[in-house]
Amino acid sequence: MDLDEREISAETITPYFEQYFGHKPQVIAASPGRVNLIGEHTDYNEGFVLPMALNKINVVAVAPSPTGQHRWIGAIGEQPVVIDPADATHTGDPFWSNYVRGVICMLERRGIKVPPVDMLIDSNVPRGGGLSSSAAFEVSACTALAALCGADVTPTERALIGQATEHEFVNVPCGIMDQFISANGKKDHALMLDCKDLSDKLIPRTDPAVSVLVIDSAVKHSLADGGYAARRKNCEDACAILGIHSLREATLEQLDANKDKLGDLCYRRARHVVGENLRVAEFAQALAAGDWDAAGRAMRGSHASLRDDFEVSCAEVDTLVSLADTIPSAAAVYGARMTGGGFGGCIVALVKSDAVEQVAHQMLDAYRDALGIETAYIVTRPGDGARILYQA
Ligand code: GLA
């Protein structure tokens with residue numbers, strides 16, 4: 001995770017926009033990355049997730065382009081990519097432009113015609129660390145473009161547009177969690193989402209005595225690699241065997257009764273999903289009650305299940321999670337688990353605030369001693385979801 005400590009705002013991005021394009025932006029939108037506290041690989045099984053938005057944001061500044069062509073700059077310091085409006089709704093190069101192409105295509109499918117735009121993107125969401133930098137990008141691009149077109153697109157609709165972009169333009173068969181929290185997050189709250197009907201509930205996360213610590217394993221993950229899609233297929237196979245629509249409907253008793261029919265692999269995959277939904281409920285209750293020990297227990301259970309039953313962790317992430325139990329300040333850690341899609345990426349831990357910096361440094365030192373890997377951490381509070389920073 002490349003930590004980017006810069007603050008990004010309308011004030012910081014506007015001078016660059018003017019310098020590149022020679023005119024002012026008309027809309028500037030921001031949308032955050034996320035960390036999932038619990039509920040992993042449940043979203044595409046119509047289950048429950050409980051993420052929070054980060055204070056790290058992707059910012060998109062746009063204005064109609066006077067050239068009749070799209071001109072998009074992927075990051076400050078880069079040259080613009082010029083795209084003919086006729087090509088802007090198809091996949092193409094450079095790779096990152098597909099996030100915007102997808103959003104334009106999905107807006108047009110909803111009858112919203114996006115004019116050729118000048119666009120500048122800036123972001124301080126760490127990339128490749130499993131903190132949903134791509135969902136942040138899709139949702140901020142959608143928020144900016146919808147506002148530029150004067151179209152009323154609800155946060156949840158923007159999340160669905162982001163998800164469809166992943167499916168059709170980036171080839172990642174993701175669930176709805178990342179885009180939903182990026183669009184709907186709220187400062188000082190975690191959000192519990194029912195992925196079956198997209199109803200959500202905000203849960204205050206304000207206790208100053210407990211901090212959320214995120215540590216990168218420095219193992220880059222890609223959900224386009226096949227492991228993610230393979231897990232989805234395992235879950236679908238389990239449903240077909242059980243004759244149900246989604247694993248949301250299954251119970252642990254039902255899985256046990258059908259263990260032979262399911263076979264070891266589908267049984268374990270399904271057991272993770274069914275158990276994880278129960279753990280989300282336990283965690284939500286613990287969070288609301290401020291029962292941090294119970295919250296930590298649910299997180300530990302989640303990690304063990306993702307490691308052993310769902311098999312989406314990896315040796316480095318497992319090392320980090322077990323170091324949380326063995327460092328000298330381990331007593332300050334309520335619980336730790338992998339977060340996000342897996343196969344690398346970050347861990348998330350709930351830690352006593354007065355010891356969180358100490359815990360973080362001990363974890364980093366112990367990780368370096370164990371595996372020779374230098375890495376980084378962030379201590380984070382729940383931030384706001386997508387918003388307009390400026391509109392002319
Ligand atoms: C990735 C996907 C999400 C979700 C998680 C696993 O972040 O984008 O939809 O499936 O993995 O919980």
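First, the ground rules. The model is predicted, so local features need pLDDT of at least 70 and side-chain atom pairs count only at pLDDT 80 or more, while totals for chains, interfaces and linings use all residues. Residues are numbered from 1 along each chain as its sequence is written, and side-chain values use heavy atoms, with hydrogens and water left out.

Start with the ligand. 13 residues surround the ligand, meaning that a heavy atom of each lies within 4 Å of it. The closest are E40, H41, D43, D178 and Y228. By class, the shell has five nonpolar, four polar and four charged residues. For the classes, Ala, Val, Leu, Ile, Met, Phe, Trp, Tyr, Cys and Pro are nonpolar, Asp, Glu, Lys and Arg are charged, and the others, Gly among them, are polar.

Now the contacts. The side chain of E40 has an N or O atom 2.7 Å from a ligand oxygen. The side chain of D178 also places an N or O atom 2.7 Å from an oxygen of the ligand. G341 uses its backbone: an N or O atom there lies 3.4 Å from a ligand oxygen. How much of the ligand does the protein cover? The protein covers 97% of the 310 Å² of accessible area that the ligand has on its own (Shrake-Rupley method, 1.4 Å probe).

Next, the pocket. On a 1 Å grid over the protein atoms alone, a pocket is an open set of points with protein on both sides within 12 Å along at least five of seven lines, and lining residues have an atom within 4 Å of a point. The largest pocket holds about 700 Å³ of space, the volume filled by probe spheres set on the points. Its lining has 33 residues, and Y99, R127, G128, S133 and S134 lie nearest the centre. Two or more lining residues come from each of β5 (117-123), α3 (133-148), α4 (155-170) and α5 (177-184). These are DSSP runs, with helices (H or I) of at least four residues and strands (E) of at least two. Which element gives the largest share? That is α3, with four residues. By class, the lining divides into 14 nonpolar, 14 polar and five charged residues.

Last, the backbone. Most residues other than glycine have a negative phi, and most peptide bonds are trans. D93 and P94 are joined by a cis peptide bond, with omega about -15°. P94 sits in the loop between β4 (81-83) and α2 (97-109). E46 has a positive phi, near 60°, in the loop between β1 (27-38) and β2 (48-64). S132 has a positive phi of about 65°, in the loop between β5 and α3.

How values were computed. Polar contact = N/O pair within 3.5 Å; in protein donor to acceptor, adjacent residues only side chain to side chain. 1 Å grid on protein atoms, 1.4 Å probe; cavity = no way out; pocket = protein on both sides within 12 Å on 5 of 7 lines; lining within 4 Å.
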